[in-house]
Amino acid sequence: MGKSEIRKYILNIRNNLNNTVVNEKSKIIINKLISLEEFKNSKTVFIYMDFRNEVRTGEIINFLLEQNKRVVLPWTDTANTEIVPVEIKDMENDLITSSFGYLEPKKENVIEVKVEEIDLIIVPGVAFDKRFNRIGFGKGYYDRILNRKRKNTLAIAIAYEFQVLEEIPYEEHDIKMDAIITEENMYRKED
């Protein structure tokens with residue numbers, strides 16, 4: 001299967017999950033993530049807002065804010081096909097629904113954060129494999145951020161087990177994940 005077939009196949013499964021399943025699996029994944037030392041030690045965390053049955057992230061964002069960590073969300077600059085990392089202080093007041101239908105930081109109070117300041121990146125994706133490759137939506141938004149991160153900044157993907165395949169097509173320049181957390185497994189690169 002090529003990337004587009006894999007995308008179609010996985011999204012079809014994900015889009016058909018019911019709410020209860022999404023919430024249950026998300027809870028397990030979130031608990032694993034927040035118990036990681038790297039998560040506890042991070043001060044500035046870049047994380048996405050979930051959309052269409054992605055692993056739910058609202059609870060993680062609230063938890064990070066309560067822990068007084070800097071919470072950075074993607075603001076999508078569609079004109080330049082890039083993600084601008086923006087700090088938010090409050091989920092109620094700092095977010096607005098984008099033209100794509102997901103929540104993102106409001107344009108007017110954009111506190112831009114340098115990618116180099118980020119300690120941990122929580123990465124969404126459509127499909128992954130056991131070699132830590134990732135397939136996103138094909139626009140390369142996350143690749144650009146991942147390419148600019150510090151060497152010691154971890155990129156951790158959160159996904160459901162059915163999104164992790166044995167092997168997916170990848171290109172040499174694709175950035176691999178450092179870990180993939182699912183409701184059933186924690187895939188980590190051997191140090």
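N53 sits in the loop between strand 1 (44–46) and helix 4 (58–66), where helices are DSSP runs of H or I with at least four residues and strands are runs of E with at least two, numbered from the N terminus. Before we go on, note that this is a predicted model, in which local features need pLDDT of at least 70 and side-chain atom pairs count only at pLDDT 80 or more, while totals for chains, interfaces and linings use all residues. Residues are numbered from 1 along each chain as its sequence is written, and side-chain values use heavy atoms, with hydrogens and water left out.

Most residues other than glycine have a negative phi. N53 is also buried, with a relative accessible area of 12%; buried means under 20% relative accessible area, exposed means over 50%, and partly exposed lies in between, using a 1.4 Å probe and protein chains only.

A second residue of this kind is F132, a non-glycine with a positive phi near 75°. Look for F132 in the loop between strand 8 (127–129) and strand 9 (134–135). With 10% relative accessibility, F132 counts as buried.

The loop between strand 8 and strand 9 also holds N133, which is buried at a relative accessible area of 2%. What does N133 touch, leaving aside its neighbours within four places in sequence? It is in contact (heavy atoms within 4.5 Å) with A127, F128, I168, Y170 and K176.

Now to the aromatic rings. The structure holds five aromatic pairs; rings of Phe, Tyr and Trp (its six-membered ring) pair if their centres lie within 6.5 Å, and planes under 30 degrees apart count as stacked, over 60 as edge-to-face and the rest as tilted. One of the pairs is F46 with Y142, edge-to-face at 6.1 Å centre to centre and with 75° between the planes. This pair links distant parts of the chain, with F46 in strand 1 and Y142 in helix 5 (residues 141–148), 96 residues apart. F46 is buried at 0% relative accessible area, and Y142 counts as buried at 10%.

F51 and Y102 form another edge-to-face pair, 5.5 Å centre to centre with 75° between the planes. Here F51 comes from the loop between strand 1 and helix 4, and Y102 from the loop between strand 4 (95–97) and strand 5 (103–105), 51 residues apart. F51 is partly exposed at 22% relative accessibility, whereas Y102 is buried at 18%. Ring pairs link F51, F100 and Y102 into a cluster.

Let us finish with helix 2. Which residues of helix 2 are buried? They are V22, S26, I29, I30, L33 and I34. These cover an arc of only 120° around the axis, so they lie on the same side of helix 2; the arc is that of the directions from the helix axis to the C-beta atoms. What covers them includes helix 3 (37–41), helix 4, strand 7 (120–123), strand 10 (154–158) and strand 12 (179–181).
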